[in-house]
Amino acid sequence: MRNSLKEPFQYPKIDTEPPEQAKRRADDWKGTLRRLGAYLLVHKKKLVLTLLMVALSSSMALLGPLIVGLSIDELLVNENTGILLPALAGLAAVYVLHSVSVYLQHYWMLGAAQKTIYTLRTDFFDHLQLLPVGFFDKRRHGELMSRMTNDMDNISNTLNTSVIQLGQSLLTLGGVLVVMLYLSPMLTAVTLFIVPAMYFGMKWITRRTGPLFKAQQSRLGDMTGYTQETLNGQQLIQAYSQEERVMASFNDYSRSYRLAAFWAQTISGFIPKLMNMLNNAGFAVIAGVGGILALQGYITVGVIVIFAEYARQFTRPLNDLANQFNVLLSAIAGAERVFTMMDEPKEETRASKRMKRPVRGAVSFEHVTFAYEQETIIDDVTFRAEPGEMIAFAGPTGAGKTTLISLLARFYEPASGSILLDGEPISGYGMEELRGEMAFVLQDSYLFAGSIRENIRYGRLDASDEEVEAAAEAADAGRFIRRLPDGYETKLGSGGSGISQGQKQLLSIARALLADPAVLVLDEATSSIDTITELHIQRALKRLMKGRTSIVIAHRLNTIRRADTIVVLEEGRVVEQGSHDELIQQSGSYQAMIQSQQEGKAEMA
Amino acid sequence: MEMIWSYLKKYKIAVAAALLLTLLELGVELVQPLLIARIIDDGILQEDLGTVLFWGGWLLVFSLAAFAAGIINSFYAAHASMSTGHDLRSAVFRKVQTLAAGSFQRFAVSSLLTRVTNDVIQIQNTIFMSLRIMLRAPLLVAGSVIMAFFVQWQLALILFTTVPLLSIVLIIIVRRAAGMFSRVQQAVDQVNHTAEENLTAVRLVKTFVRRKHESKKFHSAAGQLQDRTVRTMRMVEITMPLILLVMNGSIMAVLWFGTAGVTGGAMSVGEVVAVINYVTRMTGALSIFSMIIIIFSRAKASAARISSVLEEESTELPRGSGRQNDIPGEVVFRDVTFTYPEMPEPVLSRVSFSVSPGSRTAVLGAAGSGKTTLIQMIPKLLLPDEGEVVIDGVPASEWKTESLRAAIGYVPQEAVLFSGTIADNLRWGREDASEEEMVQALKDAQIYGAVQELPDGLYTRVGQRGINLSGGQKQRISIARALIRDPSILLLDDSTSALDTHTEKKLLDVIESRQCTVLMITQKLASAETADQIVLLEDGMVEAAGTDDELARSSRLYRAVKESQEGGGMYA
């Protein structure tokens, strides 16, 4: 029991950022707020309507009690019962108007706020679409997703209420201040001592909660990132009996988030308490000072009583304002995390020249060098594929074959050298225009949740059902699809769950075939497919490759022996290139690889 | 909701302390008017400054006491809510780790992710708010009704009719809102889902230039979330105007009956005024309800979503790392049949074969013939619908999961590495692995040379937040992760596809020397031909099993496979 009582005070202190950094960030807050405001201000019409309703509801809130007070005097004190019905009718009108305006202020505000969130969320997503692949290599997906949902949620909760609260508080504050000044300027001056006290109190609190909210959201992001990763690897975790270890790490993430959230909530929780205390203290001061003034005849007792009541009304909107300010800080913490991502530099998509159509499909690399994190991965690579030719990359894993394809797709930019399509450097073309001329079957054959038909159609969105099915047949996927109970309408889970890896590869090939590109790129496109099926696909591909350039990576060397050029890579360098026959005659690396593949059987026995 | 309470119970002392402190604050609030009355009546009216200062002083003291109570309440409330949140999160996460493959797939990853993070946050925030304001509203309402009853019971009867009426309407709204909020959370799932797919498939999206298509998908998910949020919130926002209307209506009723009462002499003016005052106070307290209703119905929806995960059946959780990798490693499949949920045909039907300890079996078959399913039966990742998998004479179902899995090294088809260093990933295989053992495992997996060249060698960060390794490199690290366990049974699911024949041979030699049972799925005949046994699957059935020679004689399908690999190359 005693321990349980002590627990809340035993949370360790939390490291947020150093003060000078916090100060610099305070300036950023204003920028963030301005940016968020710009998003909201798009919905001016709704905001104006909301504020009108706030004004209406605030005045109705004041008018109601006024009529009640007057009626009591007339009805009960003066016993003038004749005005009962008119008074009640008037009241009814005010009350209905009050309720309607309260509803409408929320109605319009919600519309504006949620539309703003929608725009912010989709802008964020659309911006992500324009970021280079390298950006995603370095981040956990769950962390980015947390920004799209959890941080947005924070902003959303604030936008839903803040404007209304702010409007209401300011109106009430102004109104009450006028009445107070009218009643007694001196007492008003006394009451205003609350303001500096509140200012310093709020400063103490928000200087802490600002960074705390930020820490809370970023720790939540890390926790989400870790969770997403472990969810995707759940089967492996089970197979390796790593559940306990994963749970322990998760608990560390969760605890670290809890610590930030605990302090953020605790200290934010001080605000209403502080305001309450100032409110009560204000009361005491008014009574004390008012008493002295009354004794000296400056004011009447009645004024003190009424004034005390108004002083109460004065602090309530102040309290609301203080609370809103804090909520706003939490939204800013979220918005800042969203905007940081939106400031990430885009991948260069602007074209400096138009592509000449039709694209013939000559692809060449000239002295291309590429380094990733200071490690040279591609070193002075040169080769050339004439239109309609097939070029193949061979070499041990890690030699840089896939990297060459990534460079062709402009996922990364080479450090030096140039890559040409039809004799023109690809760096001059628009990114999307360039990629639109090529179709890739990548190493991991990702499929989306949705029907098989939708997945194949991803290759060409306007393809007819017949075209989709023809592509599936060409990729030898038709056989297995037709045997599924729902055929082409079979729903796949995220990542294509529900079918085997080999089947996924068949669908990826179908998808690329449907795209009907000038350049076809196959990176280990058939690695998980049995060799009999592969033969079927080969025949289809042979037909399809006529008239278009193809670039192929395959470990099974017999699948590339008919290539016009085979480029053999080792540690990012071209060690030899030529046709199969030429390379065999050179008796170099390629010949050794072929030999080892044939000897393999004998050697292994 | 009971579920939340069962987690909150652990912090009942903190909860009680928080509630007690709110009561204290409330008490001060109620005493305050009495003190003010004293200041006015005994002080100002009597022109006695001493009394004014005396009671004024007490008022300050009480205010400070209430402030202290409020600050301490903040600590207790934050502790109880954030810790309950942590426990709940931990429990859901634990449950997810132990979900059997079938139930795991029923929840999408994105939905589980929302439940572990967003839904728990909704609940923890609700608890925090509740501990700070919830008691206030009902107490103020109840107190006001009772006080009004003492002042003028006839007029108070009005409140006895309107308050229950209002409560019923509010309950109906909460119920409806909870349903609507759960649809909001589903829309959050969908946003997460679309985003996750897009992030995972970033290369695919870029190469197919599907930016606009993806954007459309996401816009529709975000639009749905917006739509549902707005509709739900607009429904919930009815409460406040409704409360105002009913309570203001009560004031009108009080005026109506009050006028009659006063004229008839049954009531005094003061009494009517007092009752009206109480009604006004109640309206203020009830307006907090509007907020409570929103967070409550949202929490209710989230609690239901979390409960549905927690109630899911789970496999037993293996405890510790019971190392038992010295079993002989005999594997026997007896009439194993397995059908994936919602699939009409079994993926494996009556599969029987046996693997003797220390031998190597190659599993061949077309895409979708059931190879991966078959392999996953051995570490009990999937359980057969009929028949059994027997390991060293004991059916897998009777094996302690942890002991069985400790004896198995499983290399899945897709090489999954986790964020962290290469060493971290290897330690998955064995937690106490020394650096030498790691180096040895990497050497055995034929990847040590490449690892050495990385900037930080063994301690290079890989995975979603690290360096990019090639597909073949990842594959070999995941083989090293299996080898480091020194397993009795090694399962390779097409894990050598990226290896050239020479490297693969060296790998198989190492495995041979380790004398463990090997089941490997492969497409390459070179590695199948030398196996002690080849199992050829077709449409979920064993088409043929035996050595290369035997199959070459007995199986037409096998001969066809052979031809396909010996004949001309691709696109020939």
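**Entry 1: a glycine in a loop.** I began with A:G588 and found it in the loop between α19 (580-586) and α20 (589-604) of chain A. The model is a predicted one, so I treat each value here as computed from its atoms. I then listed its contacts, leaving aside the neighbours within four places in sequence, and noted A:E576 and A:L583. I also looked up A:S528, which lies 60 residues from A:G588 along the chain, and found that the two C-alpha atoms are separated by 29 Å.

**Entry 2: the sheet of chain A.** I next traced an open sheet of 6 strands in chain A and wrote down its order as β6-β9-β10-β3-β11-β12, with mixed pairing. Its edge strands are β6 (438-441) and β12 (573-578) of chain A, each of which pairs on one side only. From one strand to the next the twist averages 15 degrees. At the β6 end I checked how β6(A) meets strand β9 (residues 519-523) of chain A, and the two pair in the parallel sense over 4 bridges. Within that pairing A:V441 stands opposite A:L522 of β9(A).

I then looked for helices on this sheet. Helix α17 (residues 501-515) of chain A packs on it and touches β6 and β9 of chain A, with a direction at about 175 degrees to that of β6(A). Helix α18 (residues 531-545) of chain A lies across β9 and β10 (549-553) of chain A, and it runs at about 150 degrees to β9(A).

**Entry 3: a helix pair within chain A.** I turned to helix α3 (residues 44-77) and helix α4 (residues 84-129) of chain A, whose axes are 8 Å apart and which pack at an angle of about 160 degrees. The pair α3(A) and α4(A) is therefore roughly antiparallel, and α3(A) passes α4(A) in a left-handed crossing. I sorted the residues of this contact by class and recorded 22 nonpolar, 8 polar and 1 charged.

**Entry 4: a helix pair between the chains.** Which way do α8(A) and α5(B) run relative to each other? The axes of helix α8 (residues 194-232) of chain A and helix α5 (residues 109-134) of chain B come within 9 Å and cross at roughly 150 degrees, and α8(A) and α5(B) are therefore roughly antiparallel. Here α8(A) passes α5(B) in a right-handed crossing. Among the residues that make the contact I noted A:L220, A:M223 and A:L231 of α8(A), and B:L112, B:V116 and B:I121 of α5(B). By class, the contact of α8(A) with α5(B) has 8 nonpolar, 5 polar and no charged residues.

Notes: Residues numbered from 1 in each chain as written. Chains lettered and ligands numbered in written order. Predicted model: local features only at pLDDT ≥ 70, side-chain atom pairs only at ≥ 80, totals over all residues. Heavy atoms only, no water. Axes fitted to C-alpha atoms, helices over the stretch in contact; angles between N-to-C directions. Parallel < 35°, antiparallel > 145°, perpendicular 65-115°, else oblique. Left-handed = near helix turned anticlockwise from the far one by under 90°. Nonpolar A, V, L, I, M, F, W, Y, C, P; charged D, E, K, R; others polar. Contact = heavy atoms within 4.5 Å. Pairing = 2+ DSSP bridges.
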